[in-house]
Amino acid sequence: MDASLEKIADPTLAEMGKNLKEAMKMLEDSQRTEEENGKKSSGDIPGPLQGSGQDMVSLLQLVQNLMHGDEDEEPQSARIQNIGEQGHIALLGHSLGAYISTLDKEKLRKLTTRILSDTTLWLCRIFRYENGCAYFHEEEREGLAKICRLAIHSRYEDFVVDGFNVLYNKKPVIYLSAAARPGLGQYLCNQLGLPFPCLCRVPCNTMFGSQHQMDVAFLEKLIKDDIERGKLPLLLVANAGTAAVGHTDKIGRLKELCEQYGMWLHVEGVNLATLALGYVSSSVLAATKCDSMTLTPGPWLGLPAVPAVTLYKHDDPALTLVAGLTSNKPADKLRALPLWLSLQYLGLDGIVERIKHACQLSQRLQEGLKKVNHIKILVEDELSSPVVVFRFFQELPGSDPVPRAVSMPSAAPSTVGRERHCCDALNRWLGEQLRQLVPTSGLTVMDLEVEGVCIRFSPLMTAAVLGTRGEDVDQLVACAQSKLPVLTCTLQLREEFKQEVTATAGLLHVDDPNWPGIGVVRYEHANDDKSSLKLDPEGEKIHAALLKKLNELESDLTFKMGPEYKSMKSCIYIGMASDDVDISELVETIAVTAREIEENSRLLENMTEVVRKGIQEAQVQLQKANEERLLEEGVLRQIPVVGSVLNWFSPVQASQKGRTFNLTAGSLESTEHTYVYKVQGTGVTPPQTPTGTRTKQRLPGQKPFRRSLRGSDALSETSSVSHSEDLEKAEQLSGAPEPDTPEPGGPEPPPSTRAPQDAEQTGALRSGAQRPEDDRPQVEEPESLR
């Protein structure tokens, strides 16, 4: 490319292309500058302007630090995308626009007119919109706002003179589909200065056809009602690929309706990109007959900083100028320069190939998901749609084979809503997992009004930017299939977990259908106020210790503390189950562990209070004992010299008295027994640590909370072989004769004083004492092992 730049006659253009290439290389290769100059922190960025100025390299490094920031804090995926050669061309267009604006007015007018006319002609021919005009804008919704202004000026002839007084007598009505992008109607009213009653939301089909297509019959009824009320039907916004699931309205029938009532028809949507292909469905092809359409070639072709385009047909240049669709300013015409360069760089074949590749990716994913059980595709009837929307669903035992998102009249509303939220949580978890495993897929998780939470794959908007390939789609299908056992197992265990927790004393089941896991449980301690939702410090300590104990078990389950915004009290949230889990053992372990933690905490608190009272009581008793000793010995024995002489002639036979504190009994005891008999009192036997009523014995290699019926799946090959070898050794030891002779190295008693039966017992005891030194396991009950 450097050799090609040298052939350019204008040195400024050559230098601009060279500088842009070097700048993009430095911005994309952040590791090189970090190794040469060291990673800069936010404190290294200069605040005030430097007097001597900075060179281009320093400025680019400053921009790079601002873009990337701290690489340790942000994930690698948050960095800017690695754009290709076509992206550099689009960015070059912005630099050229600033340079071209410095030309004289006559050259600038000719050049901008040529760029605008060429770009408009190419787009109209590529997308089959003959004899159209183009308006280039940065905001996607800005083109529709300009089209609404044009429609108002066309239908209200005195609007330029009288303004909004004309609209007061006959209010205009703009019709939007219920499946339109969120916030579109509010944006139009704010831009046009119209009240919200000028918007009319047209519902989608409820009985026949797709539930994401506009109901044409109901639309006609709304138009007739508005005409009877003295309103003016102004404009209709149709979808060629809705923002959510990519459905296309019946544009042909809508066009006939608009011609009948003199309305303007505007079409937008991602499916308009398929107009560039050789085969186009009839529903999308009807969009070529509309009055205007909005295209977004930037994401379709992977071009950064490229404006959106609104193509329209109108014969009055004065009205288009008043509406703002045309402009005499060269800067407005230069908006098309980045797209003008990019279209020439890609060529017609490159444009068609990128759009065709995105459509093939969606068809490939749709065919792969059809082979996966428990995955429902919501747009499988839309063969022309490049958008694939799917979700996980499973019929619970005893229910009708109907997706969980559809309301069943026979079921209670609360039950249906709980199942709906449960499936939504699982689909949200599945979408996040697939996005992490296949980041180049560009998946998005969305919540639909009827179906619930779904996963959307729209390669037309992401494939060119992320570089999605067919292998990525195959990996996406494989990852979705690998997550199905986890989803099905978790969904089946939720009800069993709820029943076990409800039947266990001390545990409370928290109904949180938005949690994608087995369930939520809370331990109710003795001082728990069930009627209050205030903070419970004692409960938080118990649940924190319980969470630590559960995580130390090294099971396949994940345990987390409950989010604070759900409840003021702490809960234990149990995650997804990858295999069949013994719910009874899980619930029992939670209850026993929480009870032990509560009792241990109470024991420590009680012990602190008992020790404090014991010390006070001991001080009182010792002081009383000293007073009694003074009374027994007399006053003379307390005088230093006299007392010594008196004690020499008549010694006092006083016993040593003290106090000992029994922690178990919580009482003071005298030490006289210890000094007299030289033996400490045994006291009261401490209570045993509470344990579970059922203690499950796990096999070697088996993780906690696994069902014993599936032991073969839980054990590895090594653990299974070692366990069988242990059983064989135990059988050999049980069948071998016991030795009758004592150990050679031990003392041998006389034969006359040893009976045969004692000899056999002594030999058995010695042989038993010798066995722990071997590597073989000690077997106490070989019959039970067999």
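How many of the six residues of strand S2 (residues 172–177) are buried? I began my notes with this point, and I record that the model is a predicted one.

**Entry 1: strand S2**

I found that six of the six residues of S2 are buried, so the strand is largely enclosed by the rest of the structure. I then looked up the direction of the side chains. Pro172, Ile174 and Leu176 point one way from S2, while Val173, Tyr175 and Ser177 point the other way. The residues of both sets are buried.

**Entry 2: the partners of S2**

I next looked for the strands that pair with S2. Strand S4 (residues 232–239) runs parallel to S2 and is joined to it by five bridges. Within this pairing I noted Tyr175, whose bridge partner in S4 is Leu236. Strand S3 (residues 199–202) also pairs with S2 in the parallel sense, over four bridges. Here I noted Leu176, whose bridge partner in S3 is Arg201. I also followed the chain from S2 to S3: together with helix H10 (residues 184–192), the two strands make a right-handed β-α-β unit.

**Entry 3: aromatic pairs**

I counted three aromatic pairs in the structure. I found both Phe127 and Trp300 to be buried.

For Trp515 and Tyr573, the ring centres are 4.9 Å apart and the planes stand at 80 degrees, so this pair is edge-to-face. Trp515 and Tyr573 are buried.

**Entry 4: two single residues**

Is Thr120 buried or exposed? I found its relative accessibility to be 11%, and Thr120 therefore counts as buried, the cut-off being under 20%. Thr120 belongs to helix H6. Leaving aside residues up to four places away in sequence, Thr120 touches Gly132, Cys133, Ala134 and Phe136. For Gly132 I also noted the C-alpha to C-alpha distance to Thr120, which is 7.7 Å, with twelve residues of sequence separation.

Asn271 lies in the loop between strand S5 (264–268) and helix H13 (282–285). I recorded a relative accessible area of 0% for Asn271, which is buried. Beyond four places in sequence, the residues that Asn271 touches include Ala240, Gly241, Gly246 and Thr248. Val284, Ser385 and Pro386 are also touched by Asn271.

**Entry 5: confidence**

The average pLDDT of the protein chain is 76, and 66% of the residues score at least 70. Over residues 397–413 the pLDDT stays under 50, and the model has 20 contacts beyond four places in sequence for them. Residues 709–724 also stay under 50, with 14 such contacts.

Note on methods:
Residues are numbered from 1 along each chain as its sequence is written. Side-chain values use heavy atoms; hydrogens and water are left out. pLDDT is the predictor's confidence in each residue, from 0 to 100. Contact means heavy atoms within 4.5 Å. Buried means under 20% relative accessible area, exposed over 50%, partly exposed in between (1.4 Å probe, protein chains only). Two strands pair if DSSP finds at least two bridges between them. A crossover is right-handed if, with the strands pointing away from the viewer, the path from the first strand over the helix to the second runs clockwise. Rings of Phe, Tyr and Trp (its six-membered ring) pair if their centres lie within 6.5 Å; planes under 30 degrees apart count as stacked, over 60 as edge-to-face and the rest as tilted.
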